[in-house]
Amino acid sequence: MVDNEDKRTQLPQSFSLDDFVYERLLSNNANRKVIFVLGRCFNLPAIVILEKIAFTEEQFSGTDDKSTILKNSSLEKIMENDIYQNNFCRVDSDLNKLKATIIYPATEKHISKYTEQKIYVLKETPELYKSVTLPCLEKEQFNCDWVYNILEHRQEVDRIVIEDLSPDVGFMLLPDLKWDGVTDETMYVTAIIMNRSIKSIRDLRESHLPLLENIKSKCLAAIKDKYGVNSNEVRAYFHYQPSYYHLHVHFNYLKYDAPGIFCDKAHLLDTVIDNIKMVPNYYEKATLSFTVRENDKLYDAYKSIAEE
Ligand code: M7G
């Protein structure tokens with residue numbers, strides 16, 4: 001299949017899912033109620049991610065009848081027994097939207113990222129980072145044009161929650177692609193740093209503490225201001241390995257089990273700050289464990305050195 005990394009084709013404004021020709025299912029996560037589908041649009045590969053959206057309190061407590069699920073539903077009985085009854089509940093389509101994320105044209109790497117596959121844990125020493133991980137990610141990483149579009153105010157400008165344009169300690173905070181931007185229960189925003197030379201936590205040193213502290217204090221205050229979520233209800237963390245090698249911090253609502261919050265991938269912002277305060281070059285010296293998928297080029301690279 002062709003790699004579309006350099007094809008910057010965009011979907012027409014009139015695009016609808018009728019233009020999407022189904023090819024195959026990449027994965028179906030019943031727990032998250034999200035499905036990843038591969039197909040083609042106008043002859044190029046495309047991925048559609050459909051996700052059922054969480055309920056909100058307003059859908060039940062709202063005063064406007066039209067926004068209230070209970071006032072706009074019909075029941076179809078499945079079974080009853082004693083005091084127990086199961087039904088399908090049909091609700092107004094406006095109250096039952098799906099979030100649809102479309103990646104177009106999708107690259108081989110996107111297809112691999114969303115394909116169900118085995119995962120493995122790897123231990124990366126500083127030496128292995130330099131000799132295996134770094135060369136591999138320099139060759140294989142996802143394109144970061146979407147990041148530069150944000151930093152240069154070309155895209156998502158009206159979504160910026162807060163920005164600090166300082167080249168050293170600055171960042172932009174905005175709703176993450178994984179979030180619909182309105183369902184408070186699944187709040188997920190991302191701070192993207194202005195500095196383009198820090199790929200991941202591996203590159204963090206003592207000199208970056210002001211950057212990390214600045215992101216922490218300003219983003220938590222902005223989240224409280226905009227979404228009413230207290231700082232002690234926010235999970236702030238990095239991914240290692242990330243998909244995109246331009247440093248960014250994930251912030252989400254603690255009660256929401258966002259994808260990628262487990263200890264095989266998430267590094268709390270507070271812990272990262274503390275580690276660097278204790279050992280200024282902690283992330284230069286540490287052995288970091290992370291997971292890879294079976295189809296990842298990084299997994300192949302580690303496999304081949306293990307075989308040597
Ligand atoms: P990551 O750890 O590099 O990748 O985080 P992963 O979590 O996907 O493995 C990058 C973050 O940026 C993710 O949370 C993405 O959902 C988010 N993101 C990716 N893209 C392409 C966009 C985008 O175009 N706009 C916004 N706002 N967020 C994005």
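Which residue takes a positive phi in the hairpin of β1 and β2?

1. It is K33, with phi near 55 degrees, in a hairpin that has 4 residues between the strands. The model is a predicted one: local features need pLDDT of at least 70, side-chain atom pairs count only at pLDDT 80 or more, and totals for chains, interfaces and linings use all residues. Residues are numbered from 1 along each chain as its sequence is written, and side-chain values use heavy atoms, with hydrogens and water left out.

2. Strands β1 (residues 20-29) and β2 (residues 34-41) run antiparallel and are joined by 8 bridges. Within this pair, S27 stands opposite F36 in β2. Strands (E, at least two residues) and helices (H or I, at least four) are DSSP runs, numbered from the N terminus; two strands pair if DSSP finds at least two bridges between them.

3. The protein chain is assigned domain 1 (1-53 + 97-116), domain 2 (58-96) and domain 3 (117-307). Such bounds come from an automatic or database domain assignment. Taken over C-alpha atoms, the centres of domain 2 and domain 3 are 39 Å apart.

4. R235 lies in strand β11 (residues 234-239). R235 is buried but has no salt bridge, and D257, the nearest side chain of opposite charge, is 4.3 Å away. Buried means under 20% relative accessible area, exposed over 50%, and partly exposed in between (1.4 Å probe, protein chains only). A salt bridge needs a side-chain nitrogen of Lys or Arg within 4 Å of a carboxyl oxygen of Asp or Glu. For charge, Lys and Arg count as positive and Asp and Glu as negative, while His and the chain ends are not counted.

5. What does the side chain of R235 meet instead? A polar atom of this side chain lies 2.8 Å from the backbone oxygen of L254, and a polar contact of 2.7 Å joins the side chains of R235 and N252. A polar contact is a pair of N or O atoms within 3.5 Å; within protein, one must be able to donate a hydrogen and the other to accept it, and residues adjacent in sequence count only if both atoms are side-chain atoms.

6. The structure holds 13 salt bridges. One of them joins R202 and E124, with the closest N and O atoms 3.0 Å apart. R202 is in the loop between β10 (188-193) and α5 (209-227) and E124 is in strand β7 (residues 119-124), so the pair ties together parts 78 residues apart in sequence. Both R202 and E124 are buried.
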